[in-house]
Amino acid sequence: MLAPNYLDVLQVLTQAHNRAGNLQQAKNIKRQARSIAPDALWAQVDERENAAFKQAGRLLIGFTSDATRTEQNDTWHESAINIEYAWSRTERAGFRAARSIRFGQRDTLYELFATVPVTNRISVTGRGQFSPSHRVRPEKGGFLEASLILNHGWVISLGGGQTTYSSGPSDKVSITVERYFSHYRLAYTETAVQPDGGPWSPAHRLSGSWYYGGDNRINLNLAFGEETDETVTGTRSLKFDTWGAGIGGRHWLNAEFAIDYSAGYEGLESNRGEHLDRTTFYAGIVFRI
């Protein structure tokens with residue numbers, strides 16, 4: 001290797017391997033750099049890199065179930081299977097099939113997603129969904145998001161798409177600003193939804209994550225704004241003020257088996273004084289093959 005003790009060379013090599021998805025090579029070079037300069041911040045092991053390395057080239061299969069108790073003493077249920085494969089840190093694809101009961105109506109929903117790199121710093125994620133029954137869930141929908149990796153752990157993502165319900169289409173746009181540092185992530189997301197040509201409804205979400213012990217994580221979320229999603233309100237184009245909070249995460253019990261969990265509360269109130277407060281509990285298991 002040219003100038004093996006020159007930190008600038010090692011840093012450039014690490015960046016090149018990370019961008020190419022060669023995470024093990026990047027980790028080896030970081031280990032070499034830390035032996036030369038233990039205080040070099042860029043050479044510190046990042047928990048997100050550990051998580052990406054462990055998941056790259058692995059198939060994840062998950063089974064989940066959640067229950068939501070509404071203020072009207074109605075309980076929603078959903079069970080789903082999730083399948084995801086990661087070729088590298090920036091290339092992955094997945095499939096989800098769910099069966100749900102909401103407002104006394106049974107639905108089946110299928111979803112596909114994929115993330116692919118466009119350049120060293122830009123990746124694009126596409127999502128699509130389809131419900132053959134669509135009594136409450138959307139008939140179909142698509143969403144496309146582009147993410148730009150900046151320096152010092154910053155990431156900016158812009159997205160947009162459309163969801164079609166039995167009553168008509170609903171447009172959606174979003175922007176997310178993220179900051180990764182040490183073992184943590186902070187993010188702010190603003191989303192705006194326009195149901196069937198009506199006024200836009202903005203919503204805001206603050207998120208925080210702690211990555212620990214490899215690819216384990218704990219997530220905290222706070223949200224507030226306006227809600228017009230029919231699958232949530234059960235009412236066509238009726239706007240609700242909403243606020244909520246939740247906690248969740250994933251914990252690996254060993255290299256091949258993990259548990260998912262979350263709990264949250266959401267309150268909604270319409271301009272007519274109608275309330276739709278809900279409490280949700282979610283649990284799942286994940287196998288890594």
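Student: In this predicted model, which residue of strand 11 is the bridge partner of Trp210?

Tutor: Trp210's bridge partner in strand 11 is Ile218.

Student: What makes strand 10 and strand 11 a pair?

Tutor: Pairing takes at least two bridges. Strand 10 (residues 201-212) and strand 11 (residues 216-227) are joined by ten, running antiparallel, so they count as paired.

Student: And how do you know that strand 11 pairs with strand 12?

Tutor: Go by the bridges again: there are eleven between strand 11 and strand 12 (residues 240-252), in the antiparallel sense. The cut-off is at least two, so that's a pair too. Within strand 12, Gly249 stands opposite Ile218.

Student: Let's move on to Asn219, which is found in strand 11. Why is Asn219 called buried?

Tutor: Its relative accessibility is 19%. Buried means under 20%, so Asn219 counts as buried.

Student: What makes the link between Asn219 and Ser209 a polar contact?

Tutor: Their side chains are joined at 2.7 Å. The limit for such a pair of N or O atoms is 3.5 Å, with one able to donate a hydrogen and the other to accept it, so the link qualifies.

Student: Which other residues is Asn219 in contact with, leaving aside neighbours within four places in sequence?

Tutor: Besides Ser209, the list has Gly208, Gly246, Ile247, Gly248 and Gly249. Take Ile247: it's 28 residues from Asn219 in sequence, yet the C-alpha to C-alpha distance is 5.6 Å.

Student: How much of the whole chain is buried?

Tutor: Buried residues are 38% of the 289 in the chain.

Methods
Residues numbered from 1 in each chain as written. Predicted model: local features only at pLDDT ≥ 70, side-chain atom pairs only at ≥ 80, totals over all residues. Heavy atoms only, no water. Helix = DSSP H or I, 4+ residues; strand = E, 2+ residues; numbered from the N terminus. Buried < 20%, exposed > 50% of the residue type's maximum accessible area, 1.4 Å probe, protein only. Contact = heavy atoms within 4.5 Å.
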